[in-house]
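Please look over the sequence and the model before reading on. The paragraphs below then take you through the parts step by step.

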Amino acid sequence: MNTDQLDQLVETILASPKYQYICRDFVRNVGLQELAKRRNLKEAVKATKNKLHQVGGAYLPGKMDYTAWLAELGEAKTASQDDFRRACVRILNHHASTRERLPFLSQFYPTILANLPPVRSVIDIACGLNPLALPWMGLPTDAVYYAYDIYQDMIDFLNEFMKMAKINGRAEACDVIHACPTQQVDLALLLKAIPCLEQVDKDAGIRLLDTLNADHLLVSFPVYSLGGRQKGMAATYEDHFGELVTHRDWSVKRFEFSHELAFLVNK
Ligand SMILES: C[S@@+](CC[C@H](N)C(=O)[O-])C[C@H]1O[C@@H](n2cnc3c(N)ncnc32)[C@H](O)[C@@H]1O
């Protein structure tokens, strides 16, 4: 592999406004794959951008105005808990994955976590804006929350959010395919993440399930495509998840919501 070409690819991509906040390691890892597959640097840059869009940008439908959102959250917080939740909802609308969960957000965590002992630590893998759903998770006030995604600006925002909401947590920009967090936690969230990560590495799903050091894993899959089509996705993902856990001695509970299929795994 020509490292000059890889460096050039990474710099070209990070210079473009749309990709400037994606963590360097992830651009590098995707770029390395594409350079190996494409005929030249130009084609590899284009293919890398396409992949980054597919697994990241496609979920962000508009401008992510983190500064304004922090101001909005701050104001709402001083007004009331209800105002704060309403502000969270408005912001959760800005990521396709959490937007789709909003109609059943108030049932999602209480239903799935109902029979677990208190969850005192959580890892949220490929989190998007999901940490803003913390007010609906029902965690004890001293619970620790670790969140990971590829966008540095989103991560900075989530850290400010957690500070403001007095959540004992930390968000970090990282490529979870190549750097899976390994700290021990009660619960790991892999919400709608596996299909996305497997577009970059087909073994990413099973590796994460095996490596995450969590008593419980909450794994979910979308039922509709980003374009709104159903195409038998629930059945396809259910089969796929079945294959992933088939030789593991884990107990699994299934939960179905209008737009999301979830599995709670007891490792
Ligand atoms: C389908 S969304 C799921 C978001 C969130 N888990 C939820 O369900 O609300 C996939 C997320 O994975 C992130 N992502 C993609 N590849 C990643 C990687 N290699 N490491 C960490 N995050 C990644 C994207 O930026 C996006 O926010």
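What follows describes the domains, then the sheet and the helices on it.

This is a predicted model, in which local features need pLDDT of at least 70 and side-chain atom pairs count only at pLDDT 80 or more, while totals for chains, interfaces and linings use all residues. Residues are numbered from 1 along each chain as its sequence is written.

The domain assignment, which is automatic or taken from a database, gives domain 1 (3-55) and domain 2 (96-266). Their centres, taken over C-alpha atoms, are separated by 26 Å. Ten residues from domain 1 and twelve residues from domain 2 take part in the contact, where two residues are in contact if their C-beta atoms, placed from the backbone, lie within 7 Å.

Turning to the sheet, seven strands form an open sheet with mixed pairing, in the order β3-β2-β1-β4-β5-β7-β6; strands are DSSP runs of E with at least two residues, and helices are runs of H or I with at least four, numbered from the N terminus, and two strands pair if DSSP finds at least two bridges between them. Because β3 (168-173) and β6 (251-257) stand at the edges with a single partner strand each, one side of each is left without a neighbour in the sheet.

Within this sheet, β5 (residues 214-222) and β7 (residues 260-266) pair in the antiparallel sense over seven bridges, and V219 stands opposite F263 in β7. Helix α11 (residues 233-245) packs on the sheet and touches β5, β6 and β7, its direction making about 15 degrees with that of β7; angles run from 0 to 180 degrees between N-to-C directions, with axes fitted as lines to C-alpha atoms, for helices over the stretch in contact.
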